[in-house]
Amino acid sequence: MDNEELIEKAKVAQRNAYAPYSKFHVGSALLCKGGEVFMGCNVENRSFTPTVCAERSAIFSAIANGTRDFEKIAVVGEAIDFTYPCGVCLQVISEFVDDDFPVILQNNNGEIREFALKELLPLTFRLEERTTK
Ligand code: THU
């Protein structure tokens, strides 16, 4: 599936975003190695902190459905610039993929750019890098 098609799926998911507080609607589409696509949207809460971002929503949905082999993820938001995934979502994505994992973004001018995960999260936290036991 090409990047444009995956972005279109992220836009479909974006329409389901529940964002009455920020009014910032985000959608994501996660392509798995087997060809399945899991969609995600942000889901806010009146207590604010339980809010889940679109990216984690898609990742958790895939995991819950027994799929952990991911090919790439597309994310769309409402910013004029690209909506870069937050640090928490990047860390969650990094748990399951390697540093070159493609993150595809579209800005509000329709421009699509592809980043490697390592560009967005160069210094990932890794438990195995502890120096003491
Ligand atoms: N949000 C996402 O869904 N993904 C991100 O990577 C950044 C932020 C959502 C969370 C919240 O519902 C809204 O955008 C404003 O922060």
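User: Exposed means over 50% relative accessible area, buried means under 20%, and partly exposed lies in between (1.4 Å probe, protein chains only). Is Phe-48 buried or exposed?

Analyst: This is a predicted model, in which local features need pLDDT of at least 70, side-chain atom pairs count only at pLDDT 80 or more, and totals for chains, interfaces and linings use all residues. Residues are numbered from 1 along each chain as its sequence is written, and side-chain values use heavy atoms, with hydrogens and water left out. Phe-48 has a relative accessible area of 55%, so this residue counts as exposed.

User: Where in the chain does Phe-48 lie?

Analyst: Helices (H or I, at least four residues) and strands (E, at least two) are DSSP runs, numbered from the N terminus. Phe-48 has a positive phi near 65 degrees, although it is not glycine. Its place is the loop between β2 and α2.

User: What is the relative accessible area of Lys-23?

Analyst: Lys-23 sits in the loop between α1 and β1. Its phi is positive too, near 60 degrees, in a residue other than glycine. Lys-23 is exposed, because its relative accessible area is 58%.

User: In what order do the helices and strands run?

Analyst: The protein chain holds 4 helices and 5 strands. Read from the N terminus on, they give α-β-β-α-β-α-β-β-α.

User: What is the radius of gyration of the chain?

Analyst: This radius is taken over C-alpha atoms, and the globule rule is 2.2 Å times the number of residues to the power 0.38. For 133 residues the rule gives 14 Å, and the chain comes close to it, so it is as compact as a globular protein of that length. The C-alpha atoms fill a box of roughly 45 × 40 × 30 Å along the principal axes. The radius of gyration is 15 Å.

User: What percentage of the contacts join residues at least 24 apart?

Analyst: Contact means heavy atoms within 4.5 Å. Take the contacts between residues at least 6 apart in sequence. The part that joins residues at least 24 apart is 61%.

User: Which elements do the buried residues of α2 pack against?

Analyst: Helix α2 (54–64) has seven names to look for: its buried residues are Ala-54, Glu-55, Arg-56, Ser-57, Ala-58, Ile-59 and Ala-62. Just after this helix, Gly-66 takes a positive phi of about 85 degrees. The packing partners of the buried α2 residues are β1 (27–32), β2 (37–41), β3 and α3.

User: Which elements do the buried residues of α3 pack against?

Analyst: Helix α3 covers residues 87–94. Cys-89, Leu-90, Val-92, Ile-93 and Ser-94 are buried there. They pack against α2, β3 (70–76) and α4 (117–120).

User: How far apart are the mean positions of the positive and negative charges?

Analyst: Lys and Arg count as positive and Asp and Glu as negative; His and the chain ends are not counted. Each charge is placed at NZ of Lys, CZ of Arg, CG of Asp or CD of Glu. There are 14 positive and 20 negative charges, and their mean positions lie apart by 6 Å.

User: Which residue forms a salt bridge with Lys-11?

Analyst: A salt bridge is a side-chain nitrogen of Lys or Arg within 4 Å of a carboxyl oxygen of Asp or Glu, and the structure holds 3 of them. At 3.5 Å, N to O, the partner of Lys-11 is Glu-8.

User: Which residue forms a salt bridge with Arg-126?

Analyst: Arg-126 is partly exposed at 27% relative accessibility. The closest N and O atoms of the pair are 3.1 Å apart, and the partner is Asp-99. This pair links distant parts of the chain, 27 residues apart: Arg-126 in the segment after α4, and, in the loop between α3 and β4 (102–106), Asp-99.

User: How many residues separate Lys-118 and Asp-100?

Analyst: Lys-118 is partly exposed at 39%, and Asp-100 is partly exposed at 47%. Their side chains meet in a salt bridge of 2.5 Å, N to O. Lys-118 is in helix α4 and Asp-100 in the loop between α3 and β4, so distant parts of the chain are linked across 18 residues.
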